[in-house]
Amino acid sequence: VSDVIKVGLLGYGTVGCSLADLLSERKDALKEITGIDIELGAIAVRNKAKYAFAGVAENVEITNDAASLVANPNIDIVVELIGGLEPARSLILEAFKSGKPVVTGNKELLANFGSELFAAAEANSVDLLFEASTAGAIPILRPLRESLLGEDVRRIIGIVNGTTNYILTEMSENGVAYDDALTQAQELGFAEADPTADVEGYDSAAKAAIMASLAFGKDVTAKDVYCEGISKVSAFDMVLAKKLGYVIKLLAIAQKYENYDVGVRVYPALVPDTHPLAAVRGSYNAVFVEGAASSELMFYGKGAGGKPTASAVLGDLVDAARNLKSSTHRVVPSGEPADMRPIEALTSAFYIVLEAKDEPGVLSAIAGQFAHYGVSIKAIEQEPLNTYSKIDEDKLISRMVFITRRASERDFAKLVDELASFEAVEQIKNVIRVVE
Ligand code: HSE
């Protein structure tokens with residue numbers, strides 16, 4: 001391998017474009033630090049005409065043919081920033097076959113085909129590095145994979161999607177409507193090409209699977225992750241939560257239990273306003289790691305956007321270039337599937353808002369059902385709404401908000417079903433989990 005490492009870039013979207021800029025800005029400094037010249041050699045895009053390649057050096061080949069870029073003997077390392085499953089997966093496998101390390105930011109691919117890709121990288125003794133796939137600029141995967149290798153990691157709680165954190169922050173602090181906040185996040189370059197993956201929680205679920213696999217040393221895939229998005233959270237819930245001392249965040253939680261089984265889920269949750277994660281605002285992300293010896297660690301930074309994410313790609317690129325020069329590569333995680341604990345078998349505290357008739361015995365009957373299902377009430381707030389029941393027009397309605405202690409997911413779901421069928425309960429407005 002010569003002192004010049006040529007990079008082949010697949011995809012020239014927000015992150016790809018920032019990477020090209022960053023690489024030229026940092027080229028000289030990197031050469032001084034590492035002794036290696038890392039140069040952009042070629043860029044492959046689907047439609048050349050769609051892009052302005054302003055600032056890209058003239059000797060960089062621009063092609064529509066990604067497969068030929070991967071096969072090009074002048075290219076030493078492939079950076080995959082196309083996203084999605086195919087053709088990204090096949091191109092990465094081809095790169096490995098020709099002995100080329102790959103740096104990728106593709107969480108969807110890793111969360112679905114991680115073990116296949118790790119095995120292929122290992123079989124060809126090359127690197128597969130993917131720090132940019134999770135939480136943008138924040139170094140979280142390398143710490144989980146290396147620094148915390150000796151640690152018994154018990155739980156990870158992360159805010160790992162910038163788009164939804166931006167939306168929730170704008171709604172809660174500035175009263176911005178959901179759609180407007182989403183448009184702003186898209187304009188700022190945080191959102192995925194199709195923002196459904198952000199708002200429905202799939203993007204966070206993929207990142208949760210990747211973090212869980214590294215932290216627990218077992219293969220967790222996207223389909224193992226229970227997932228709820230932020231569409232059920234209303235501005236009203238945010239106001240109520242604030243009044244009760246909480247903020248609402250979309251969380252990715254990965255937990256290891258006594259029997260070494262693992263529960264991984266993504267859902268919006270009320271977080272106490274004193275918790276460090278409550279202070280994570282806008283497009284910032286944070287990952288809170290709890291270990292048996294290390295205790296609590298928090299990793300914080302910009303979780304989305306071109307430059308921050310490109311910074312993580314560049315770090316991996318330098319690492320891969322160094323490894324290539326010294327004919328070494330990083331050890332890959334084990335491919336053994338994790339023993340998954342389903343959501344029904346987990347526990348959580350809950351926030352539930354309902355509207356019920358304001359008449360004698362209603363609160364006591366509702367509280368009786370909580371007792372029946374073994375759910376302890378931690379806090380309750382009742383507010384007369386001064387509106388009449390839609391069913392019994394002469395009956396006034398009250399709003400009741402309950403925060404519970406930790407309860408079984410299965411029992412709580414039964415309680416909600418039971419309450420929904422109560423004659424005195426007009427409507428269950430929302431149920432959101434609470435982090436203690
Ligand atoms: N759409 C993602 C986010 C980008 O909003 O966090 C980073 O994966």
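Q: Which residue in β9 does I157 stand opposite?
A: I157 stands opposite I253. Keep in mind that this is a predicted model.

Q: Which way do β7 and β9 run, parallel or antiparallel?
A: Antiparallel. Four bridges join β7, residues 153-159, to β9.

Q: And how many bridges join β9 to β10?
A: There are 11. Those strands also run antiparallel. β10 covers residues 262-272. In this pairing, L251 is across from Y267 in β10.

Q: What do β9 and β10 form together?
A: They make a hairpin, with five residues between them. Y260 sits in the turn and has a positive phi of about 65°.

Q: New topic. What is the strand order in the open sheet of six?
A: The order is β3-β2-β1-β4-β5-β6. Pairing there is parallel.

Q: Which strands stand at the edges?
A: β3 (61-63) and β6 (128-129). Each has a single partner strand, so one side of each has no neighbour in the sheet.

Q: How many bridges are there between β1 and β2?
A: Seven, in the parallel sense. β1 is residues 4-10 and β2 is residues 37-44. As one example, V4 has D37 in β2 as its bridge partner.

Q: Which strands does α1 touch?
A: Helix α1, residues 14-34, packs on the sheet and touches β1, β2 and β4. Its direction makes about 160° with that of β2.

Q: What about α3, where does that helix lie?
A: α3, residues 88-97, lies across β1, β4, β5 and β6. Its angle to β5 is about 155°.

Q: Now helices on helices. At what angle do α6 and α7 pack?
A: About 135°, with the axes 9 Å apart. α6 is residues 162-174 and α7 is residues 178-187.

Q: Last one: is the crossing of α6 and α7 left-handed or right-handed?
A: Right-handed.

How values were computed
Residues are numbered from 1 along each chain as its sequence is written. This is a predicted model: local features need pLDDT of at least 70, side-chain atom pairs count only at pLDDT 80 or more; totals for chains, interfaces and linings use all residues. Side-chain values use heavy atoms; hydrogens and water are left out. Axes are lines fitted to C-alpha atoms, for helices over the stretch in contact, and angles run from 0 to 180 degrees between N-to-C directions. Helices (H or I, at least four residues) and strands (E, at least two) are DSSP runs, numbered from the N terminus. A crossing is left-handed if the near helix is turned anticlockwise from the far one by less than a right angle, and right-handed if clockwise. Two strands pair if DSSP finds at least two bridges between them. Contact means heavy atoms within 4.5 Å.
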